[in-house]
Amino acid sequence: MPPGGDIWIGDDAAVVTPASTGRTVLATDLLVAGVHFDESLGTLEDVGYKALMVTVSDFAAMGVRPSYALVSIAAPPGTDVDRLGAGLAEAAGETGCVIVGGDLAQSPVLVLSTAVFGVAETGGVPPMLRSGARPGDHLFVTGPLGRSAAGLRLLRAAAANNKTTTNTTTTTTTTTTTTASTSVDPSRPPVPDLVRAHRRPVARLAEGEAARRSGVGAAIDLSDGLVADLRHLAEASGVGADLDTVPAAEGATRDEALSGGEDYELLVATGSPDALVATFRAADLAAPLPIGRCTDRPGRLTLGGDPLPPGGWLHRF
Ligand SMILES: [Mg+2]
C-alpha cells in the first residue's frame, strides 16, 4: 500500500514521495524477444525477473538503491502476462523497488521496457561514474565471470539435443556438460548455478553501495562482458588498463569470462583498495577479486601483457 497521498498503479500517473532528498537517478532498459532473450530457454517469470533486474543493475553500478519502477509490456495475443508480472514482482521485492505503474499493449513480439527511479541523497557520497578512474587505480570485480554465458551455452546444448523442456533443464543438462565444454569437471557439474545465473541474474546492490561508501572512483556493471565494459570505463575515464588475471567461474570458459556478457557483476576502479576490501568485509560481502590496474596509456588494454582482443557486444540472447 502506498503511503498517504501517494498513488501507485491506477491513476493517470503515479505520485511518489522520495524517502530522502537529493539527486534523482534514472535508468531504463528494453528487452526484445529474439534480440535480448530466447523465450524457449526459460519461463515468462524468468523474462519478467530479468527485465527489471538488468535495469536495477545499472543502479548497483552507481552505488544507489532503486526506489520505483515503471514497466511497459508489449506482448503477442495469448501471452500469460500474469506470469511476466510474477517474475517482475519477485525482482521488485528482492531489490526494494516498487512498481508504481506501466502500460500494456499487443505486439507481434514480446517487448518489456523497465524504467527505474531512485535518489542519491544530498550530502552523501556521490554516485559512482564510469569516468572517475585514474592511472594507478586498482581494478576489482565483485565475483567470478562467465556464469551467464556458460549457462546459456548449456541451455542451448540441451535444447539442440532435444533432451529437455524449458522447465526441467537443471536435471537434464548435466548430461550435456562434458560434451559442451572441455573445461568442466564432470564430477562436479555446476549446471543449476550457471543456468540460474543466465535466467535470474542478481543486481549487486549491496556491493555497489559498499563500493561507493569506500570511496571507489569509478564503476560499471558487466552487461556486455568484461572486455567491452572495461573498455567503456577506460574510455570514459581516459585511462588504459593492465589486467593480471580474469577470474572465470567454475564451468565457464576463459572466453565466456572475458566477453560472454550478462554477468551483472560490478567492475570498480579504486585508489583505496584496502578500504574497498575492508568495507566489503564489514558488510559481510564476498571479497572483491583484484584483476589489475589502470594505467596512463589511454586506449591500451592488456591481459598478462598481451593486448586484449576488441571483444564487444556478444548478447546472443
Ligand atoms: Mg550498465
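A residue is called buried under 20% relative accessible area, exposed over 50%, and partly exposed in between (1.4 Å probe, protein chains only). The structure is a predicted model, in which local features need pLDDT of at least 70 and side-chain atom pairs count only at pLDDT 80 or more, while totals for chains, interfaces and linings use all residues. Residues are numbered from 1 along each chain as its sequence is written, and side-chain values use heavy atoms, with hydrogens and water left out.

The magnesium ion has D58 (OD) and D221 (OD) as its protein donors, which lie 2.1 Å from the ion. D58 belongs to helix α1 (residues 44–62) and D221 to strand β6 (residues 218–221), so the two tie together parts that are 163 residues apart in sequence. Donors are N, O and S atoms within 2.8 Å of the metal (3.2 Å for Na, K and Ca); water is not among the atoms, so sites may look incomplete. D58 is partly exposed, with 24% relative accessibility, whereas D221 is buried at 3%.

Helices (H or I, at least four residues) and strands (E, at least two) are DSSP runs, numbered from the N terminus. Of the 19 residues of α1, 16 are buried, so this helix is largely enclosed by the rest of the structure. Just after α1, G63 adopts a positive phi of about 75°.

Confidence is expressed as pLDDT, the predictor's score for each residue from 0 to 100. The protein chain averages 89, and 88% of the residues score at least 70. Over residues 164–184, the pLDDT is below 50. Where pLDDT is low, the predicted coordinates should not be read in detail.

How values were computed: Contact = heavy atoms within 4.5 Å.
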